[in-house]
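Please look over the sequence and the structure shown here before reading the briefing, and keep both in view as you work through the points that follow.

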Amino acid sequence: YIQLAWAFVFFSIVTVGFGSGYYHWKPSNATLVWDRLPMTLAFTSMTAIIMQEHAGVGVVLLPALVVLGIWSVWYWAQTDDLRPYAFVQGVPMLTLPFFLALFPAKYDGRLYYIFALA
């Protein structure tokens, strides 16, 4: 299941290029959805992977985090309220350092995650 999560991260990162290109080609709130959605999918799936590798809970949370990310972009597009989107983006940046510090790593890549979060 973790391989599927990694594949989803890489797929999301590739789609960021297309979504961002579309937005920057024709900037509007409608095209900004296609810029933010792939980034949100990449962030939420990467959060789940880090939680899985350090605390063993990410596999269970991956679908919920991805759905929450999609909902936050949809909610922003419907209401022009960025709070849920900011929550989905900001909470992992605040909580993942604690996961990295408090839970032992299964792999020796913790330093790379810390650099990525910085």
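In this predicted model, the structure holds 4 aromatic pairs. One of them joins Phe99 and Phe103, whose ring centres are 5.3 Å apart and whose planes make an angle of 35°, an arrangement that is described as tilted. The points below begin with these rings and then turn to charged side chains, the surface and a loop.

**Aromatic rings**

- The tilted pair takes its name from its angle, because planes under 30 degrees apart would count as stacked and planes over 60 as edge-to-face, whereas the planes of Phe99 and Phe103 are 35° apart.

**A charge over two rings**

- The charged end of Arg36 sits over the ring of Trp76, at 4.5 Å from the centre of that ring.
- The charged end of Arg36 also sits over the ring of Tyr85, where the distance to the ring centre is 5.0 Å.

**The salt bridge**

- Side chains of opposite charge can pair when their charged atoms come close.
- A search of the whole structure finds 1 salt bridge, in which the side chains of Arg83 and Asp81 meet with a distance of 2.7 Å from N to O.
- Arg83 counts as exposed because its relative accessibility is 63%, whereas Asp81, with a relative accessibility of 15%, counts as buried.

**A nonpolar patch on the surface**

- Leu68, Trp71, Trp74, Phe87 and Val91 form a nonpolar patch on the surface, and together these residues have about 480 Å² of accessible area.
- Two helices, α3 (58-79) and α4 (83-102), each supply at least two residues of this patch, and the largest share, 3 residues, comes from α3.
- Trp71 is found in helix α3, and with a relative accessible area of 37% Trp71 is partly exposed, so it passes the requirement of over 30% that applies to residues of a patch.

**The loop between α3 and α4**

- Asp80 lies in the loop between α3 and α4, and at 55% relative accessibility Asp80 counts as exposed.
- Most residues other than glycine have a negative phi.
- The phi of Asp80, however, is near 65°, which is a positive value in a residue other than glycine.

Terms used: Residues are numbered from 1 along each chain as its sequence is written. This is a predicted model: local features need pLDDT of at least 70, side-chain atom pairs count only at pLDDT 80 or more; totals for chains, interfaces and linings use all residues. Side-chain values use heavy atoms; hydrogens and water are left out. A salt bridge is a side-chain nitrogen of Lys or Arg within 4 Å of a carboxyl oxygen of Asp or Glu. Buried means under 20% relative accessible area, exposed over 50%, partly exposed in between (1.4 Å probe, protein chains only). Rings of Phe, Tyr and Trp (its six-membered ring) pair if their centres lie within 6.5 Å; planes under 30 degrees apart count as stacked, over 60 as edge-to-face and the rest as tilted. A charge sits over a ring if NZ of Lys or CZ of Arg is within 6 Å of the ring centre and within 35 degrees of the ring normal. Patches are made of residues with over 30% relative accessible area and no salt bridge: like charges are joined within 9 Å, nonpolar side chains (Val, Leu, Ile, Met, Phe, Trp, Tyr) within 5 Å. Accessible areas come from the Shrake-Rupley method with a 1.4 Å probe; for residues, only the protein chains shown count as cover. Helices (H or I, at least four residues) and strands (E, at least two) are DSSP runs, numbered from the N terminus.
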